Amino acid sequence: MLEFDLKRRKTYTALIRAFEELMREKTIDELSVQELCRRAEVGRNTFYSHFEDKYAFFQFYISLQKESIEAASAVPGNDFLQFRARTAETLFRYFKENRFIWEKNIKAPSAWMLRDMIKDNIKAPLLEEMKNVEKITGKTFPVSKELLASFYASGIIEVFTECLYNDRIPESEVLRDLEEVCSRLFQLT
């Protein structure tokens, strides 16, 4: 979990609040660091002492959201598949509640980069979990962990994008089906 001193936490909180407000109005490509800093009441030098550019800030933002989603999904004694299903559900609800961030950006020129950032934040911890599951159980996944994690991360983004902007499938069905997909994808041999 990322931990920060009080001053840094205040800066990050102000930047995140301003970022979320601005993302309701424009895409990440249209957003400037100057207006983000102005809205957050944070100096540009302060911003650049923490982040290389607005995309590095966006990566930081995604990482914080991922940690929050994983923390909300974890309960003591849970197993890998239950955690995956809860994480998918929590992630789905996050996307739904924050669709304003994705609605504009899904068509932005840098959409591929944003999707890659999200995919990497899903894939990396999943790979670690899969390695731990194999170590604990002594069993292996029937396909490459790298391929499986990449497939799952890309697929979950596509499913969420489709479901959030195309209300043909009820949320309860999506979540039930995702749980089934997880149980089939992550079977050990």
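For volume, I join grid points across faces, edges and corners and take the space filled by probe spheres set on the points.

I note that this is a predicted model, in which local features need pLDDT of at least 70 and side-chain atom pairs count only at pLDDT 80 or more, while totals for chains, interfaces and linings use all residues. Residues are numbered from 1 along each chain as its sequence is written, and side-chain values use heavy atoms, with hydrogens and water left out.

**Largest pocket.** I looked up its volume and found about 230 Å³ of space. Its lining has 11 residues, and Phe80, Phe83, Glu129, Asn132 and Val133 lie nearest the centre. Helices here are DSSP runs (H or I, at least four residues), numbered from the N terminus; H5 and H7 each supply at least two lining residues, and H7 has the largest share, with seven. By class I count five nonpolar, three polar and three charged residues, where Ala, Val, Leu, Ile, Met, Phe, Trp, Tyr, Cys and Pro are nonpolar, Asp, Glu, Lys and Arg are charged, and the others, Gly among them, are polar.

**Glu129 and its partner.** I then followed Glu129 from this lining to a salt bridge with Arg84, at 2.7 Å from N to O; the term asks for a side-chain nitrogen of Lys or Arg within 4 Å of a carboxyl oxygen of Asp or Glu. Because Arg84 lies in helix H5 and Glu129 in helix H7, the pair ties together parts that are 45 residues apart in sequence. Both Arg84 and Glu129 are buried, that is, under 20% relative accessible area with a 1.4 Å probe and protein chains only, whereas exposed means over 50% and partly exposed in between.

**Other salt bridges.** I find 13 in the structure. Lys123 pairs with Glu146, their closest N and O atoms being 2.5 Å apart; since Lys123 is in helix H7 and Glu146 in helix H8, this pair ties together parts 23 residues apart in sequence. Lys123 is buried, with a relative accessible area of 15%, whereas Glu146 is partly exposed at 42%. I also note one network, in which salt bridges that share partners join Arg17, Glu21, Glu25 and Arg39.

**Second largest pocket.** Its volume is about 180 Å³, and its lining includes Phe151, Tyr152, Ile156, Asp177 and Leu178. H8 and H9 each supply at least two lining residues, H8 having the largest share with six. I count 10 nonpolar, one polar and one charged residues in this lining. Asp177 is partly exposed at 36% relative accessible area and forms a salt bridge with Arg176, with the closest N and O atoms 3.2 Å apart.

**Core.** Ile156, also in the lining of the second largest pocket, is among the residues with the most contacts inside the largest nonpolar core, which has 57 residues; such a core is a set of buried Ala, Val, Leu, Ile, Met, Phe, Trp, Tyr and Cys residues joined through side-chain atoms within 4.5 Å. H8 gives the most to this core, with nine residues. Ile156 touches Ala88, Leu91, Ile122 and Leu178, leaving aside residues up to four places away in sequence, where contact means heavy atoms within 4.5 Å.

Methods:
1 Å grid on protein atoms, 1.4 Å probe; cavity = no way out; pocket = protein on both sides within 12 Å on 5 of 7 lines; lining within 4 Å.
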